[in-house]
Amino acid sequence: MSPLEKEIIQRKIAIIIENLKALETIKDMAKEEYLADLYKRKATERLLQELIEAAIDINIHIISATGHSSPDDYYESFITMGKLNVISLDLADRLAPSAGLRNRLVHEYDRIDHAMVLTAVRMADKLYPQYIKEVSNYIAIET
C-alpha cells in the first residue's frame with residue numbers, strides 16, 4: 001500500500017480542468033462544423049484522451065493507496081472508485097465507458113466515429129466536474 005499523495009491527484013485534476021476549459025468551444029459546435037474541421041477534431045481527440053487518462057491515473061492512485069489491487073482494466077478503475085465510495089456508484093457507472101473511448105482514441109480501433117467524440121465532449125462537460133468535486137471531497141477527508 002502506497003500513501004495517498006494529494007499533490008499527484010491535484011496535478012491530475014488540474015489537467016482535467018484545463019482540458020475541460022479547452023473543450024468549451026467544441027461542446028457547442030454544430031456537428032457539421034465539427035466534422036468539417038480536421039484540426040479541431042484532432043485537438044478534441046487529444047484533449048479527451050488526456051482528460052480521461054488523468055482520471056484513470058487518479059483512480060489507480062487512490063485504489064492502490066487504499067490497499068486494493070489495481071483493477072484489471074481502466075473501465076473497472078471507475079467502477080472500483082464507486083465501490084470504494086470515492087465517487088458515487090451512479091457517477092462511476094456513467095464515467096466507466098469513457099475508458100473505452102480512451103482506448104479507441106489511443107489505439108485508433110477501427111475508425112473514429114467523430115460524431116461520437118463530439119457527444120463525448122458534451123458528456124465530459126457534464127460528468128467530469130462532478131468527478132473532480134467528489135474526488136476533491138474524498139482527498140480533503142483522507143489527507
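1. A quick definition to begin: the expected span of a helix is 1.5 Å times one less than its number of residues. Helices here (H or I, at least four residues) are DSSP runs, numbered from the N terminus. Helix 3 has 28 residues and runs 41 Å from first C-alpha to last, close to the 40 Å expected at 1.5 Å a residue.

2. Before going on, some housekeeping. This is a predicted model, where local features need pLDDT of at least 70 and side-chain atom pairs count only at pLDDT 80 or more, while totals for chains, interfaces and linings use all residues. Residues are numbered from 1 along each chain as its sequence is written, and side-chain values use heavy atoms, with hydrogens and water left out.

3. Now the ends of helix 3 (residues 38-65). D37 caps the N-terminal end, with a side-chain oxygen 3.1 Å from the backbone nitrogen of Y39. After helix 3 comes G67, whose phi is positive, near 85 degrees.

4. H61 sits in helix 3 and is buried, at a relative accessible area of 13% (buried means under 20%, with a 1.4 Å probe and protein chains only). A polar atom of the H61 side chain lies 2.9 Å from the backbone nitrogen of E5. Leaving aside neighbours within four places in sequence, H61 is in contact (heavy atoms within 4.5 Å) with P3, L4, E5, I8 and I9.

5. I9 turns up again among the buried residues of helix 1, along with I13, I16, N19, L20, L23, I26 and K27. Those buried residues pack against helix 2 (31-36), helix 3 and helix 7 (114-142).

6. Helix 1 (residues 6-27) has 22 residues, which should span 32 Å at 1.5 Å a residue; the end C-alpha atoms are 30 Å apart, so the two agree. There is still a bend of about 30 degrees at K21, taken as the angle between axes fitted to the seven residues ending there and the seven starting there.

7. On to the rings. The whole structure has two aromatic pairs (Phe, Tyr or Trp rings, the six-membered one for Trp, with centres within 6.5 Å). Y128 and Y131 make an edge-to-face pair, 5.7 Å centre to centre with 65 degrees between the planes; edge-to-face needs planes over 60 degrees apart. Ring pairs link F78, Y128 and Y131 into a cluster.

8. Why are Y128 and Y131 about one helical turn apart? Because they are three residues apart in helix 7. An α-helix has 3.6 residues a turn, so residues three or four places apart point the same way. Y128 is buried at 0% relative accessibility, and Y131 is buried at 0% too.

Definitions and conventions
Helix = DSSP H or I, 4+ residues; strand = E, 2+ residues; numbered from the N terminus. Buried < 20%, exposed > 50% of the residue type's maximum accessible area, 1.4 Å probe, protein only. Polar contact = N/O pair within 3.5 Å; in protein donor to acceptor, adjacent residues only side chain to side chain. Phe/Tyr/Trp six-rings, centres within 6.5 Å; stacked < 30°, edge-to-face > 60°.
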